[in-house]
Amino acid sequence: MNDAIKTSHAPKAPCLAVFGTGSDVGKSIIAAALCRVFADRGLRVAPYKAQNMSNNSGVTPEGLEMGRAQIVQAEAAGIAPHVDMNPILLKPTSDVGSQVVLMGEAIGNQTAMDYHQKKAGLVSAANAALDRLRRAHDLVVMEGAGSCAEVNLMDHDIVNFPMAAYADAPVIIVGDIHRGGIFAQLVGTIACLPEDYRQRVAGFIINRFRGDLRLFEDGVRWIEEKTGLPVFGVLPWYDHIRIDPEDSVVIERPKAVRAETDGKPAVAVIRIPHISNFTDFDPLKAVNGLAVHFVETPQDLSAFSAVLLPGSKNTRYDLEWLKNGGWHARLTEYQAGGGHITGICGGYQMMGLTVHDPGGLEGVPGSTDGLGLLPVETVLKAPKTTTLSRFSWDDIAGTGYEIHMGQTHLTGGAPLVRVHERNGRPTADTDGCMAGDGRTMGTYMHGLFDTPALIKRWLTTVGLGSIEMPATGGLDAKLEQYALLAEHFGKYVDVDKIAGLI
């Protein structure tokens, strides 16, 4: 376990909770905006989510794992991420089970039923983490999970109202007008809550509005009259700000695409069932001369300049999905025709010759033949690797992180990158593999595309070296986006009224 944030015996800071009418209504982004807005006002702000369910995770400076959304919120607040901000992380491995990460360390896989039966024992860890944050900061912005009004789950809920009650936090409920039914979302949520929870709700934020805000003024008045609660603001839809999303719901069921539709060279990311850390490819989306498409249904790939295989939380399952669903033939055909294929983490493992799971870490013990695109073999085994790493590709330096079970050994080809440091400790190691054709490669290194010079190196490899790079990358680029988010938020939301809650 990690060392807790060092705290004094100072009084506990107030908390402000951001809950939602459902999943993907914008809770994570609004919590990030609040972190940045109040940090800009001189407060020491920390994010917090007691339990996060997502395969989109990252690594703290201590080398521990936590949800990506709270890492984003910590960056927005101007502080380093810490596992106290997300003490429980569930990483789904199937429809009914998840890997449980407690205080940054994987403690095993559990079915949903097993987890619910043992959840009570985790409440104390979540409460203690929140207490530490409150003693070390001036304000804690708490994020809820899914809908805060799931009546069948309230008895087992440790993320939404029970945690707000523990922290004595006022609650802002977020609804998404873009998906329709905003009046039913907000009024229905309030109606489903027991009286003690209802009394904790301080007001609403309506997210993702398209059109003339004046046309919704009557709607705001109706909501306020019906509920007796204020609407703190109506946030318009934006296209000029890029913030890492929390989980893969934003890329569900992508449609088949034509690479040449918008006239830009394009790359395809295969949307596998248990995709993880798909935000690895967000920096590529920021390259003006490049189109990035997530594709799920097998299609002809010949028009794409490169194909990317992302990380996976169930490598062997997703490998079988690729082979049995038609993608294997498409990828093999694409490679044989001169195409460029790059795998990250689980995608790298799947590109090899074999993936062995002798201990059944991801399911039934056994081995699965890989895609045969790289001369590597992988053995899945504990302990889990979680590192912040410094590395270089052809003397171009980068920083990234590694999150994976097992080890991959080269049987041919050459290492892709040199690793110089892991979790602050110097090392002289290598990672990844580049096949002899120079067109097929893989690595465990998340963050390969965070540095503009490394994007340029990769684009040159795939024949797109003439594309102009963004001026900034990595954390500097993200900080620019958080500033834009705070500006947008402050323009349309009554921040002073929200400040009055705390």
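**Exercise 1.** At roughly what angle do the axes of helix 1 and helix 14 cross, and within what distance do they come?

*Solution.* This is a predicted model, in which local features need pLDDT of at least 70, side-chain atom pairs count only at pLDDT 80 or more, and totals for chains, interfaces and linings use all residues. Residues are numbered from 1 along each chain as its sequence is written, and side-chain values use heavy atoms, with hydrogens and water left out.

Begin with the axes: those of helix 1 and helix 14 (residues 474-492) come within 9 Å and cross at roughly 90°. The two helices are therefore roughly perpendicular to each other, a label given to angles of 65 to 115 degrees.

**Exercise 2.** Describe how helix 1 packs against helix 2.

*Solution.* Helix 1 (residues 27-40) and helix 2 (residues 68-77) pack at an angle of about 20°, with their axes 7 Å apart. That makes helix 1 roughly parallel to helix 2, the word for angles under 35 degrees. Among the residues in contact are Ala-32 and Cys-35 of helix 1, together with Val-72 and Ala-76 of helix 2. The residues of this contact divide into eight nonpolar, two polar and one charged.

Methods:
Axes are lines fitted to C-alpha atoms, for helices over the stretch in contact, and angles run from 0 to 180 degrees between N-to-C directions. Helices (H or I, at least four residues) and strands (E, at least two) are DSSP runs, numbered from the N terminus. Angles under 35 degrees count as roughly parallel, over 145 as roughly antiparallel, 65 to 115 as roughly perpendicular and the rest as oblique. Contact means heavy atoms within 4.5 Å. Ala, Val, Leu, Ile, Met, Phe, Trp, Tyr, Cys and Pro count as nonpolar, Asp, Glu, Lys and Arg as charged, and the others, Gly among them, as polar.
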